[in-house]
Amino acid sequence: MTRLTRRRLLGAVPILGLGATALHGAVPHSHGNAVAAAEHHPNTGAGHAADGHAGLRGGEVDHRANGFDPHVILRDFDEGKVSRLPNGRTLREWTIVAAEQEIEVAPGVTFAAWTYNGRIPGPTLRAREGDRLRIRFVNGGRHPHTIHFHGIHPSSMDGVAGQGAGDIPPGGETVYEFDATPYGLHLYHCHVLPLAEHIAKGLYGAFLIDPKDPRAEADEMVMVMNGFDTNFDRANELYAANTIPFAYSERPIKVRRNELVRLYLVNVLEYDLINSFHLHGNFFEYFPTGTSKQPTEFTDTVMMCQGQRGVLEMRFPYAGKFMFHAHQAEFTELGWMGFFEVSG
Ligand SMILES: [Cu+2]
């Protein structure tokens with residue numbers, strides 16, 4: 001039987017003259033078994049579009065049932081449990097639990113996800129350059145997992161098979177401990193094979209190390225660009241920043257005119273070679289990996305492969321609504337877009 005794919009779906013849309021509202025009908029969206037839905041609607045699913053379902057841009061997912069909301073994740077920085085070591089250094093401790101969890105990634109579209117601490121992306125871990133970091137990792141899933149941190153650390157703390165504790169079996173746990181260096185914006189993710197699946201299922205998060213001499217006060221936020229392969233064909237059906245397509249379009253991100261906005265932007269998108277961020281009506285200074293205080297670019301678009309990340313700083317001189325989105329139109333149409341709403 002023909003399997004519905006994202007590429008076929010997109011090819012069909014212009015021919016049928018359908019807008020984004022029809023995409024929801026076309027994207028597999030059974031309650032719990034996306035494969036079955038794809039098999040039952042092997043064509044474009046276009047006939048499904050008139051069945052009264054809210055479009056991707058209508059309706060909202062049940063954030064409460066999911067246990068997380070992209071608007072909370074946006075400004076949620078987890079600084080850990082802070083104490084002081086005998087040598088005077090700051091120690092930060094976290095416990096991160098991997099689990100299996102069904103989440104609603106678009107209205108009516110459920111996805112059998114793997115999560116760190118019940119959310120996708122996992123908690124945004126925030127430390128300061130030179131701190132000691134201690135992360136207790138508990139594997140509550142049914143597959144082996146790890147946490148692989150980007151940064152500078154001993155090989156035994158790298159969270160890969162054959163090094164240190166290696167793959168952590170179901171029910172197992174370990175402690176990753178290392179120094180916070182270098183300052184910048186990093187990420188963490190599971191590093192168990194097959195790697196693409198372990199990442200695409202949702203096991204990743206942002207890892208921020210502030211410089212000793214801190215950056216200027218700003219309205220800070222984090223966006224992890226991701227996507228979901230809801231029919232297991234190794235191509236994404238949905239795209240987003242912080243997991244839920246159109247979340248910042250349905251409810252724009254409120255910022256204040258002329259105030260410094262700092263966006264920590266991470267790309268973890270699997271199955272597509274690149275991702276991008278484009279801002280309308282404004283430009284931003286770009287600090288790749290956040291490892292320097294000198295911007296390399298003043299631009300309105302950045303492109304990233306998987307694992308790349310950067311810090312964006314901007315001020316909005318005009319009040320109003322300003323769109324942001326991937327500058328790959330198909331990603332935009334499948335969820336990766338939103339708005340800043342500038343007041344004052
Ligand atoms: Cu894993």
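This is a predicted model: local features need pLDDT of at least 70, side-chain atom pairs count only at pLDDT 80 or more; totals for chains, interfaces and linings use all residues.
User: Let's start with the metal. Which protein atoms are the donors of the copper ion?

Analyst: Look for N, O and S atoms within 2.8 Å of the metal. Here the donors are His145 (ND1), Cys190 (SG) and His198 (ND1). They lie 2.0 to 2.1 Å from the copper ion. Water is not among the atoms, so a site may look incomplete.

User: What spacing do the donors follow along the chain?

Analyst: The spacing is H-x44-C-x7-H.

User: Is Cys190 buried or exposed? And His198?

Analyst: Compare the relative accessible area with the cut-off: buried means under 20%. Cys190 is at 0%, so it counts as buried. His198 is at 4% and therefore also counts as buried.

User: Now another histidine. Where is His278?

Analyst: His278 sits in strand β15, which covers residues 275-279. With a relative accessible area of 10%, His278 is buried.

User: What does the side chain of His278 reach?

Analyst: For a polar contact, check N and O pairs within 3.5 Å. The His278 side chain reaches the backbone oxygen of Asp300 at 3.0 Å. Setting aside residues up to four places away in sequence, His278 touches Asp300, Thr301, Met323, Phe324, His325 and His327.

User: On to the sheets. In what order do the strands around β15 stand?

Analyst: Read a sheet by its neighbours: two strands pair if at least two bridges are found between them. This open sheet has five strands, ordered β13-β21-β20-β15-β18, with mixed pairing. β13 (253-256) and β18 (301-304) are the edges; each has a single partner strand, so one side of each lacks a neighbour in the sheet. On average, neighbouring strands of this sheet are turned by 20° against each other, direction ignored.

User: In which sense do β13 and β21 pair?

Analyst: They pair in the parallel sense, over four bridges; β21 spans residues 337-343. Val255 stands opposite Val342 in β21.

User: What is the order in the sheet that holds β1?

Analyst: That open sheet of five strands runs β1-β5-β10-β9-β7, again with mixed pairing. Its edges are β1 (77-78) and β7 (148-149), each with a single partner strand, so one side of each has no neighbour in the sheet. Inside the order, β5 (residues 124-128) and β10 (residues 204-210) pair in the parallel sense over four bridges. Arg126 stands opposite Leu208 in β10.

User: How do β2 and β3 run, parallel or antiparallel?

Analyst: Antiparallel, joined by four bridges. Lys81 stands opposite Glu93 in β3. The two strands form a hairpin with five residues between them. In the turn, Gly88 has a positive phi of about 95°.

Notes: Residues are numbered from 1 along each chain as its sequence is written. Side-chain values use heavy atoms; hydrogens and water are left out. Buried means under 20% relative accessible area, exposed over 50%, partly exposed in between (1.4 Å probe, protein chains only). A polar contact is a pair of N or O atoms within 3.5 Å; within protein, one must be able to donate a hydrogen and the other to accept it, and residues adjacent in sequence count only if both atoms are side-chain atoms. Contact means heavy atoms within 4.5 Å. Donors are N, O and S atoms within 2.8 Å of the metal (3.2 Å for Na, K and Ca); water is not among the atoms, so sites may look incomplete. Axes are lines fitted to C-alpha atoms, for helices over the stretch in contact, and angles run from 0 to 180 degrees between N-to-C directions.
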